[in-house]
Amino acid sequence: MTEHDALVEAAQQARENAHAPFSNFRVGAALHATSGRIFGGCNIENATYGLTVCAERVAIFKAMSEGERNFDAIAVVTDTDTLTPPCGACRQLIWEFCGDVPVILSNLAGKTEMLQMHELFPKPFDSSNL
Ligand code: THU
């Protein structure tokens, strides 16, 4: 199993914990730290809708809160024919905290696509603009 396969599997597992009673759109993410640790995340919705946190950001915040600062890949898994790319807010945070990492999109049928963050987020605002 490649490192990216393991990451997709971790994202699939994380998706099992998705709390998405409003959209029923269940998302799993998994972030690979250069330490070797993998952090899973799932989307967590709430009754205000607007305070929902995406799977990708849950994974990032879990990792950051455990002291991790360097990452080299992230995977996102949904149960859709068209693979789900990270939303705009998540692209901002993936860029700022992970940099130009590969983003592996996958579904439960095993369809997979890999993009680099610079393709998903070509003209970013970040600390270099400050
Ligand atoms: N969602 C994610 O978790 N990640 C994405 O990149 C896209 C959207 C979640 C948020 C919400 O719970 C549901 O999917 C529908 O938008």
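Trainee: Which residue in strand 2 does A30 stand opposite?
Mentor: That's G40. Before we go on, this is a predicted model, numbered from 1 along each chain as its sequence is written, where local features need pLDDT of at least 70 and side-chain atom pairs count only at pLDDT 80 or more. Totals for chains, interfaces and linings use all residues, and side-chain values use heavy atoms, with hydrogens and water left out.

Trainee: What makes strand 1 and strand 2 a pair?
Mentor: Two strands pair if DSSP finds at least two bridges between them, and strand 1 and strand 2 have five, in the antiparallel sense. The strands themselves are DSSP runs (E, at least two residues), as are the helices (H or I, at least four), numbered from the N terminus. Strand 1 and strand 2 form a hairpin with four residues between them. In that turn, G36 has a positive phi of about 105 degrees.

Trainee: What order do the strands of the sheet have?
Mentor: The order is 2-1-3-4-5 in an open sheet of five strands, with mixed pairing.

Trainee: Why do strand 2 and strand 5 count as edges?
Mentor: Strand 2 (38-42) and strand 5 (112-116) each have a single partner strand, so one side of each is left without a neighbour in the sheet. The twist averages 20 degrees from one strand to the next. Strand 5's pairing is with strand 4 (residues 102-107), antiparallel, through five bridges. In strand 5, M114 is the bridge partner of I104.

Trainee: Why is strand 2 called largely enclosed?
Mentor: Look at burial: a residue is buried under 20% relative accessible area, exposed over 50%, and partly exposed in between (1.4 Å probe, protein chains only). Four of the five residues of strand 2 are buried, so the rest of the structure largely encloses this strand.

Trainee: Which way does helix 2 run relative to strand 2?
Mentor: Helix 2 (residues 55-65) lies across strand 1 (28-33), strand 2 and strand 3 (71-78), at about 140 degrees to strand 2. For that angle, axes are lines fitted to C-alpha atoms, for helices over the stretch in contact, and angles run from 0 to 180 degrees between N-to-C directions.

Trainee: How do you know that M64 is buried?
Mentor: M64 has 18% relative accessibility, so it counts as buried. Contact means heavy atoms within 4.5 Å. Leaving aside neighbours within four places in sequence, M64 is in contact with R69, F71 and F97.

Trainee: Why is the F22 and Y49 pair called tilted?
Mentor: Rings of Phe, Tyr and Trp (its six-membered ring) pair if their centres lie within 6.5 Å; planes under 30 degrees apart count as stacked, over 60 as edge-to-face and the rest as tilted. F22 and Y49 are 5.3 Å centre to centre with 45 degrees between the planes, which is tilted. F22 lies in the loop between helix 1 (3-15) and strand 1, and Y49 in the loop between strand 2 and helix 2, so the pair ties together parts that are 27 residues apart in sequence.

Trainee: Are those two residues buried or exposed?
Mentor: F22, at 42% relative accessibility, is partly exposed. Y49 is exposed at 55%.
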